[in-house]
Amino acid sequence: MALFGSSKTINLQLQDAEIDYIPQFINEEDAVLLFKELMLNTPWQEDDIRVYGKLYKQPRLTAFFANNQKSYGYANITMTPHDFTPVLKTLKHKIEAATNTAFTSCLLNLYRDGQDSNGWHADDEKELVMNPVIASLSFGASRTFQMQHRFQKSIPKQSIALNDASLLVMQGETQHYWKHQIPKQKNKGPRINLTFRKIIY
């Protein structure tokens, strides 16, 4: 697979953030094949989340991969990693070359349709390095990625369409100052999102 698309990097000019967006990081033909591979051969799981003392099914499926056997926790969920597959290793190496960052893990999210979502949060778990680089690769249906400044409410919310085969890279102090979410959207097909990150223990 050639993998790389031809789109140039777009720097999102946001206060207190360093965010780059590549609309087509993967070639269109390869993106179709990768979506099918990830959909069929990923050990997806559906975890319970606790909200105000009540348990609910997490509104998406997930899978966690890492180059070690260290678990990863977020939103009161603890995930035990799988070994990187050859496909994930290839994608990891391509993204590492593009971002000049070494990643240790990848959290995959499967949004089965427009009713699956991911609420407001920042990727600021204690296991992540200071000012983490989060590389988010998307396959499948386009979904809106919303951002909101954590402290200055006068700054308008931002919305970005994360299209098939696109790569969004958040770094610097972005996670300290901004929250993000994937809201519900009507009439949307499945989407797979891979978030590569570096975890320390």
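Where is Asn-100 found? Select Asn-100 and look at the chain on either side. Asn-100 sits in the loop between α2 and β9. Keep in mind that this is a predicted model.

**Stop 1**

Asn-100 counts as exposed because its relative accessible area is 73%, and exposed means over 50%.

Now select Asn-187. This residue lies in the loop between β15 and β16. Asn-187 also has a positive phi of about 55 degrees, and it is not a glycine. Is Asn-187 buried or exposed? With 81% relative accessibility, Asn-187 counts as exposed.

**Stop 1: helix α2**

Go to helix α2, residues 86-99. Show the side chains of Lys-92 and Glu-96. Both residues lie in this helix, four residues apart, which is about one turn. In an α-helix there are 3.6 residues a turn, so residues three or four places apart point the same way. Lys-92 and Glu-96 form a salt bridge, with the closest N and O atoms 2.8 Å apart. Check the surface again. Lys-92 is buried, and Glu-96 is buried too.

**Stop 2: helix α1**

Next, select residues 28-41, which make up helix α1. The helix has 14 residues. From its first C-alpha to its last it reaches 20 Å, close to the 20 Å expected at 1.5 Å a residue.

Which residues of α1 are buried? Colour Asp-30, Ala-31, Leu-34, Phe-35 and Leu-38, the buried residues of α1. Then look down the helix axis. The buried residues of α1 fall within an arc of 140 degrees, so they line one face of the helix.

**Stop 4**

You have already seen the bridge between Lys-92 and Glu-96.

For another, select Arg-112 and Asp-116. Their side chains meet in a salt bridge, 2.7 Å from N to O. Compare how the two partners sit. Arg-112 is partly exposed, at 34% relative accessible area. Asp-116 is buried, at 5%. Glu-46, Arg-112 and Asp-116 are linked in a network of salt bridges.

Move to Lys-57 and Asp-48. They form a salt bridge too, and the closest N and O atoms are 3.3 Å apart. Asp-48 has a relative accessible area of 39%, so it counts as partly exposed.

**Stop 3: the largest pocket**

Finish at the largest pocket. Its volume is about 520 Å³. Which of its 32 lining residues are closest to the centre? Select Arg-60, Tyr-74, Asn-118, Gly-119 and His-121 to find them.

Last, colour the lining by class. The lining has 15 nonpolar residues, eleven polar ones and six charged ones.

Notes: Residues are numbered from 1 along each chain as its sequence is written. This is a predicted model: local features need pLDDT of at least 70, side-chain atom pairs count only at pLDDT 80 or more; totals for chains, interfaces and linings use all residues. Side-chain values use heavy atoms; hydrogens and water are left out. On a 1 Å grid over the protein atoms alone, a cavity is a set of points where a 1.4 Å probe fits but cannot get out, and a pocket is an open set with protein on both sides within 12 Å along at least five of seven lines; lining residues have an atom within 4 Å of a point. Grid points are joined across faces, edges and corners, and a volume is the space filled by probe spheres set on the points. Ala, Val, Leu, Ile, Met, Phe, Trp, Tyr, Cys and Pro count as nonpolar, Asp, Glu, Lys and Arg as charged, and the others, Gly among them, as polar. A salt bridge is a side-chain nitrogen of Lys or Arg within 4 Å of a carboxyl oxygen of Asp or Glu. Buried means under 20% relative accessible area, exposed over 50%, partly exposed in between (1.4 Å probe, protein chains only). Helices (H or I, at least four residues) and strands (E, at least two) are DSSP runs, numbered from the N terminus. The expected span of a helix is 1.5 Å times one less than its number of residues. The arc is that of the directions from the helix axis to the C-beta atoms.
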